[in-house]
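Please look through the structure shown here.

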Amino acid sequence: MKMKVNIKHVKDFVNLKEHGLQDKITKIHNMLHSDIKPSDFLGWFDLPNQTNMEEINAIMKVADRIKNNSQVLVVIGIGGSYAGSKAGIEFLDKPFEKNGVEILYAGHNISGRYLKYLIDYLSDKDFSVNVISKSGTTTEPAIAFRILKKILVEKYGKNHKERIIATTDAKRGSLYTLAKNEGYDMFVIPDDVGGRFSVLTPVGLLPFAVKGYNILDMIEGAREIYNNSLNPDITKNDVYLYAAIRYLLYKSGKKIEMLVNYDPNLIFIAEWWKQLFGESEGKDLKGLFVASANFTTDLHSLGQYIQDGERHLFETVLKINKIDEDVIIEKEENDLDDLNYLAGKSLKYVNDKALEGTMLAHVSGNVPNILIELEDISEKTFGKMIYFFELACAMSAYLIDVDPFNQPGVETYKKNMFALLGKKGYENIL
């Protein structure tokens, strides 16, 4: 599988033979694989085995048009409608390279300052918009789309329609209606796939294709994880092994999981991961609080707390085993910086030793560490990682007896915000 869960630095903290654990995992596994699904939002589960080549070809056709007529694609969406594509692009992009269409984001906040500077940036550039929303009425993306659509109309006249791509519901909603009436190219967010599980649907695949990444390799990577997870035995299934360890650590009193990386390409993977697990598990007064850290940078800030602070957390560490470029440290005659002991070593080697040394230090401080090893930085590895965490998230949530696919707590702030803004029908909320 070449994506491996290494439990060397956690096995002393958990008992994987705990009575009933494997039976519970097997029961959930069988439930996920049954013809009668436990949820209406499990469409992502079989997605790797249901590649729709007609849809893939349509995505590629639209992506080619955007590449030909646009310098920038603005992806408008919030939550899973933008986090997955941003995570994938930041994982796969080479730092500092500005090749191809630039992908920018809007509708993931309500900052007037951010949007004004985006508008100014786009003023002398040809751009297209991919608006992503099942309903079309989610506040943040709806505001951004209204404003950017007006600019497109003013800039391109009747030709603006070829620069708007809607990714939305298949049959209903205000965005669906507008796209149909205006003749926008339209892609479907499946009814049975929630936003945070939608990376490998057109939600993520279109931006990936615009950047020139191989979306079929992503799907193939996800398929490999699916096929390697058909056996529910946690000694043979790394996805369930990870979920089981999280569950046992949570039961033992750990309340926080930190996803740690040692490469900047992984920073936004953690942002997507936090939404995936936070929204899926954090309900009914249950669930791990999920956080992230970027090492070695954060070892000079959070490192002290992790080593010596309250013992209520554990770390899941992502390690990339192969990289495409590296730098060798050369010998200096005077050695004023005392680095000659590293002469001839690569930064990858030094970084890996920093990872190993930090794990040893944190484990000695009673912070369990799960190590997840990624083969490389590639489309296939990205697809593996996405499906690995999606499946682990479903298993983890069911292990603590919560529904992974709803998010009732998210609605509370919306009602209060609508009432404060004077939206009709919300007058008596506060």
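A crossing of two helices is called left-handed if the near helix is turned anticlockwise from the far one by less than a right angle, and right-handed if clockwise. Helices (H or I, at least four residues) and strands (E, at least two) are DSSP runs, numbered from the N terminus. By these terms, helix 9 passes helix 13 in a right-handed crossing.

This is a predicted model, in which local features need pLDDT of at least 70 and side-chain atom pairs count only at pLDDT 80 or more, while totals for chains, interfaces and linings use all residues. Residues are numbered from 1 along each chain as its sequence is written, and side-chain values use heavy atoms, with hydrogens and water left out.

The chain as a whole comes first. Its secondary structure comes to 14 helices and 10 strands. The radius of gyration is 23 Å, close to the 22 Å that the globule rule gives for 430 residues, so the chain is as compact as a globular protein of that length. That radius is taken over C-alpha atoms, and the globule rule is 2.2 Å times the number of residues to the power 0.38. Along its principal axes, the C-alpha trace spans about 65 × 60 × 45 Å. Of the 430 residues, 50% count as buried; buried means under 20% relative accessible area, exposed over 50%, and partly exposed in between (1.4 Å probe, protein chains only). Contact means heavy atoms within 4.5 Å. Among contacts between residues at least 6 apart in sequence, 79% join residues at least 24 apart.

Now to the packing of helices. Two packed helices are described by the angle between their axes and the distance between the axes. Axes are lines fitted to C-alpha atoms, for helices over the stretch in contact, and angles run from 0 to 180 degrees between N-to-C directions. Angles under 35 degrees count as roughly parallel, over 145 as roughly antiparallel, 65 to 115 as roughly perpendicular and the rest as oblique.

Helix 9 (residues 238-251) packs against helix 13 (residues 379-399) at an angle of about 40°, and their axes are 9 Å apart. That angle makes helix 9 oblique to helix 13. On the helix 9 side the contact residues include Tyr 240, Tyr 242 and Tyr 247, and on the helix 13 side they include Phe 388, Phe 389 and Met 395. By class, this contact has 12 nonpolar, 1 polar and 2 charged residues. Ala, Val, Leu, Ile, Met, Phe, Trp, Tyr, Cys and Pro count as nonpolar, Asp, Glu, Lys and Arg as charged, and the others, Gly among them, as polar.

Helix 13 also meets helix 8 (residues 215-227): their axes come within 6 Å and cross at roughly 45°. The two are therefore oblique to each other, and their crossing is right-handed. Among the residues that meet are Gly 221 and Glu 224 in helix 8, and Gly 383 and Phe 388 in helix 13. The residues of this contact divide into 7 nonpolar, 2 polar and 6 charged. Phe 388 of helix 13 is also one of the residues in the contact with helix 9.

Which way do helix 2 and helix 7 cross, left-handed or right-handed? Their crossing is right-handed. The axes of helix 2 (residues 53-69) and helix 7 (residues 202-210) come within 8 Å and cross at roughly 45°, and the two helices are therefore oblique to each other.

Most residues other than glycine have a negative phi, and most peptide bonds are trans. Phe 96, in the loop between helix 3 (80-92) and strand 3 (102-106), has a positive phi near 75°. Phe 96 is exposed, with a relative accessible area of 83%. Asp 284, in the loop between helix 10 (267-281) and strand 8, has a positive phi of about 55° although it is not a glycine. At 54% relative accessibility, Asp 284 counts as exposed.

Strand 8 is also the place of Phe 289, which is exposed at a relative accessible area of 57%. Leaving aside neighbours within four places in sequence, Phe 289 is in contact with Lys 255, Ile 256 and Glu 257. Thr 296 lies in the loop between strand 8 (289-294) and helix 11 (303-308), and a cis peptide bond with omega of about 5° joins Phe 295 and Thr 296.
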